[in-house]
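Trainee: I want to learn how labels get attached to side-chain pairs. Can we work through some examples?

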Amino acid sequence: MPGLDKQKDNKHLHDLERRSREGLFICNGCKEIGFGNCYKCPWVWFCDYVLHVGCISEGRTPLSNSLFKNCVFQFYQTNPSTVAPACHICALDIQGRMYRCSKGKYSLHPYCATLQTTFSLRDSDMKIKLRRGTKLNFFKSKCLKCDRKNRSSNDVQCLSYVSSDGNLCYHVACMKEACRDNWNKGYFRPGSETNEQSKFLALQNLAPKEVLSSVGQTSEVLLITFLKLVVYAILGEPFDLIAPLFQFSQN
């Protein structure tokens, strides 16, 4: 069962060990980015096979998701359809392992399928919710990254994390792409230099339309708190590599 220290995966020769990996990795199962907890081949000197915890094939049982009523999702190692689907949470293409509902209507990345619909941290009063905008229920604000209210692919709408008051919004796909971009620029890499300038540039990449400083104004603290919640909600549990990113504006 997923959660054990060692797991078998029928697409790989060796048993996989559960580890906490610093920095970004690309899951060999779903081909999506991941951080932190994963299952990795212990033969590290010649094999870099790594999976999200949710992409292990052994012991995978059907799941339900509160965002998709009356749907039961079955895990697949390959796409059961002849059409390449988009994930109905992030609207990005599914290129590997996936969940598909019993009705054949919805498909999900395994990682997206486990995103919390409501998320908060103990050190913050703010809560964010994973929501789908509709024609009758548009968000008050645009995505902090792409500056649009709606993002879709082939009629599949990307869901967003939205602040409780609806004034702050971030598409799941945009955060995935921003985190990968920050990694490529060296901001999320183990051993990379951490200073005020690199923190500022990483935050500016997350919210390019916002004016950020280190003054700590109330509106800015709320913005940084929101970004922190979205990053943690999508990447998983907080860890040392990105925690310093949100500290200088919250002193």
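Mentor: Start with arginine 151 and glutamate 177, which form a salt bridge with closest N and O atoms 2.6 Å apart. Arginine 151 sits in the loop between β10 (128-131) and β11 (152-153), and glutamate 177 in helix α2 (residues 172-184), so the pair ties together parts 26 residues apart in sequence. Helices (H or I, at least four residues) and strands (E, at least two) are DSSP runs, numbered from the N terminus. This is a predicted model: local features need pLDDT of at least 70, side-chain atom pairs count only at pLDDT 80 or more, and totals for chains, interfaces and linings use all residues. Residues are numbered from 1 along each chain as its sequence is written, and side-chain values use heavy atoms, with hydrogens and water left out.

Trainee: Why is the pair of arginine 151 and glutamate 177 called a salt bridge?

Mentor: The term needs a side-chain nitrogen of Lys or Arg within 4 Å of a carboxyl oxygen of Asp or Glu. Here the N and O atoms are 2.6 Å apart, so the pair qualifies.

Trainee: What makes arginine 151 buried?

Mentor: Buried means under 20% relative accessible area, exposed over 50%, partly exposed in between (1.4 Å probe, protein chains only). Arginine 151 has 15%, so it is buried. Glutamate 177 has 37%, so it is partly exposed.

Trainee: How do you know which label lysine 8 gets?

Mentor: Its relative accessible area is 52%, so lysine 8 is exposed. Lysine 8 forms a salt bridge with aspartate 15, at 3.1 Å.

Trainee: How many salt bridges does the structure hold?

Mentor: Seven.
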